[in-house]
Amino acid sequence: MKPTAPPSLDDLVHVELSKLAMGLSPISLALAYADWAMHLSTSPGKQIALMQLASKLYQDTLTQQVNTSTDSTAFAKDARFENKAWSNWPYKLLKDNYQANEAWWKESTHVTGMSKHHEHLMRFFTRQWLDAVSPSNWATTNPEVLDNITATGGQSLLKGMQKYAEDLKKISTQHLKLGTPEGSESSYEVGKDVAITPGKVVYKNNLIELIQYTPTTSKVHPEPLLIVPSCIMKYYILDLSPHNSMVKYLVSEGFTVFMVSWRNPDSKDRDLGMHDYIQLGLLDAIEAVQLVSSSHRLHAMGYCLGGTFLSIAAAVLGRKKNKSPLASVTLLAAQTDFSEPGELGVFIDDDQLLTLREEMAKTGYLSGKQMAGSFQFLNSRDLIWSRNTQRYLFGREEVGNDMVSWNKDTTRLPARMHTEYLDSLFLNNSLSEGHYRVDGQAVDLMDIQQPLMVVGTVRDHISPWKSVYKIHAHTDTETCFILAAGGHNAGIISEPGHTHRSYQMNDVKKGHDWVEPDAWLSKAPITEGSWWPAWRDWLKLHSSAPIKAKGIANAASLPDAPGRYVQVRYND
């Protein structure tokens with residue numbers, strides 16, 4: 001391994017500047033603002049339209065003040081202002097004035113001639129600023145908070161300020177106990193409260209532990225199921241508590257389940273690349289499953305980035321026609337076409353990647369906190385401002401659950417792999433355009449001939465469902481697509497019995513034509529409940545008749561589930 005070169009003066013300056021811009025590239029942000037300002041300054045028609053809009057919004061705001069009915073508003077409904085107290089003066093004026101500003105800025109950030117990426121940046125960061133200055137975020141302008149202070153004799157605000165002081169102390173001193181994520185006093189313990197489905201590690205290399213779960217049925221389908229979670233998350237999101245564990249559900253339905261558990265990397269792993277993740281994490285795991293299960297054929301499922309990696313591995317294995325060991329491929333919230341990556345696109349351009357590379361050069365990895373901060377940024381209204389309001393202004397304790405605890409159990413990514421992933425897939429869209437190479441050959445998704453099950457979720461900020469759906473344009477095999485209610489995580493962890501869940505499903509035959517996502521959406525029937533049983537039935541349809549279940553071969557040198565790799569935690 002080559003020694004890492006010391007950072008240059010330019011690198012050090014860029015890193016310090018990025019800290020002032022919340023870890024982003026100040027050059028990228030400045031270019032977006034300049035693009036917007038120059039095009040707006042030379043668009044008198046747009047300026048006149050904005051002045052007219054401002055006048056109309058001002059008149060609408062004044063008109064609303066004479067009618068205090070909560071149903072009377074010229075603006076869109078907003079969950080932050082649903083309480084009846086917001087219909088009373090002066091809070092109604094504050095709310096309506098704020099929403100008028102939101103409407104004006106939304107229109108002002110769209111100027112003809114701007115680059116698509118710069119418009120996205122302007123729209124995104126304008127929304128971040130507006131979310132930050134919402135009257136719902138401040139005690140003196142939020143009537144719900146003021147009413148609560150009165151009702152509790154000021155105790156709620158006192159509790160909130162105490163929590164604020166505690167959080168500041170944690171951040172400033174960084175004396176968190178090793179292995180305990182921030183705010184995880186009530187965290188669920190891995191192997192005791194979550195990730196408790198019985199099983200054993202049956203294979204291990206420098207990057208993964210492969211877990212086999214103990215059968216609970218007398219008969220199982222001969223084809224085992226290999227699950228490949230994303231390496232940006234701990235695998236046990238798919239094995240949370242017993243009532244919502246996908247692993248437990250699949251085992252109870254007669255499948256022999258294997259799980260990839262990624263190792264949490266450190267600075268020594270800075271040169272691990274995407275090829276290592278595909279070879280050590282997928283191709284080697286597939287061979288191990290074949291060896292352990294004595295089955296040549298197996299099903300494979302990939303979640304998020306794990307699904308992207310699986311699509312690459314499936315195409316590589318499909319190069320030799322009719323010789324792939326995969327019986328079917330399931331992709332959950334996984335993109336293969338990154339031409340429209342959704343909100344994550346704001347972080348991806350040449351300047352942003354340069355800044356990120358310079359930041360990672362110091363440590364050799366992207367830290368869990370950096371990654372978590374980026375995801376919080378994508379939904380700051382709920383994950384930052386709403387949380388802060390409840391915690392600091394109302395003085396309320398967060399309601400802990402297994403998903404919240406898992407979300408705080410962050411992971412790292414090696415510098416090289418993360419750079420290659422963003423540069424090859426996000427920035428250049430190499431996979432869908434046929435430029436991504438493995439073993440010197442371009443990867444062609446058309447080589448995937450196995451039946452595909454593809455799942456997207458309606459409110460996915462990370463893998464927008466229309467982007468996930470685009471795999472239809474790059475493959476011609478039998479494909480069943482499911483659009484599930486919920487977001488990137490909650491839409492996937494949607495066990496039977498979970499309330500307020502539904503999904504749409506439709507399939508196409510091998511050799512299918514392209515159907516636009518909106519056209520698909522209008523025709524796919526809606527089914528109430530969890531999509532898991534539909535996937536179970538699909539897997540059984542593509543499996544052989546059940547055979548007698550076998551136990552797990554004992555390997556004394558390897559630990560029981562959940563294994564050791566998942567236990568490694570860092571506080572950065």
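Residues are numbered from 1 along each chain as its sequence is written, and side-chain values use heavy atoms, with hydrogens and water left out. Because the model is predicted, local features need pLDDT of at least 70 and side-chain atom pairs count only at pLDDT 80 or more, while totals for chains, interfaces and linings use all residues.

A disulfide is a covalent bond between the sulfur atoms of two cysteines; here the term is applied to a pair of cysteine sulfur atoms within 2.5 Å. The structure holds zero disulfides. Cys-304 takes part in none, and the nearest cysteine sulfur, which belongs to Cys-231, is 8.6 Å away. Cys-304 is buried at 6% relative accessibility, where buried means under 20% relative accessible area, exposed means over 50%, and partly exposed lies in between (1.4 Å probe, protein chains only). Cys-480 is likewise buried, with a relative accessible area of 4%.

Attention now turns to Ser-136. This residue is found in the loop between α5 (116–132) and α6 (143–151); helices (H or I, at least four residues) and strands (E, at least two) are DSSP runs, numbered from the N terminus. With a relative accessible area of 6%, Ser-136 is buried. Its side chain makes a polar contact with the side chain of Ser-134 at 2.8 Å. A polar contact is a pair of N or O atoms within 3.5 Å; within protein, one must be able to donate a hydrogen and the other to accept it, and residues adjacent in sequence count only if both atoms are side-chain atoms. Once neighbours within four places in sequence are left aside, Ser-136 is in contact (heavy atoms within 4.5 Å) with Arg-80, Phe-81, Trp-86, Asn-142 and Thr-389.

The backbone also deserves a look. Most residues other than glycine have a negative phi, and most peptide bonds are trans. Trp-89 and Pro-90, however, are joined by a cis peptide bond with omega of about 5°, and Pro-90 lies in the loop between α3 (44–64) and α4 (91–108). Another cis bond joins Ala-561 and Pro-562, with omega of about 15°; Pro-562 is placed in the segment after β16 (547–548).

Positive phi values near 60° occur at Ser-294 and at His-500. Ser-294 sits in the loop between α9 (274–293) and β6 (298–303) and is exposed, with a relative accessible area of 61%. His-500, in the loop between β13 (479–487) and β14 (502–508), is exposed at 76% relative accessibility.
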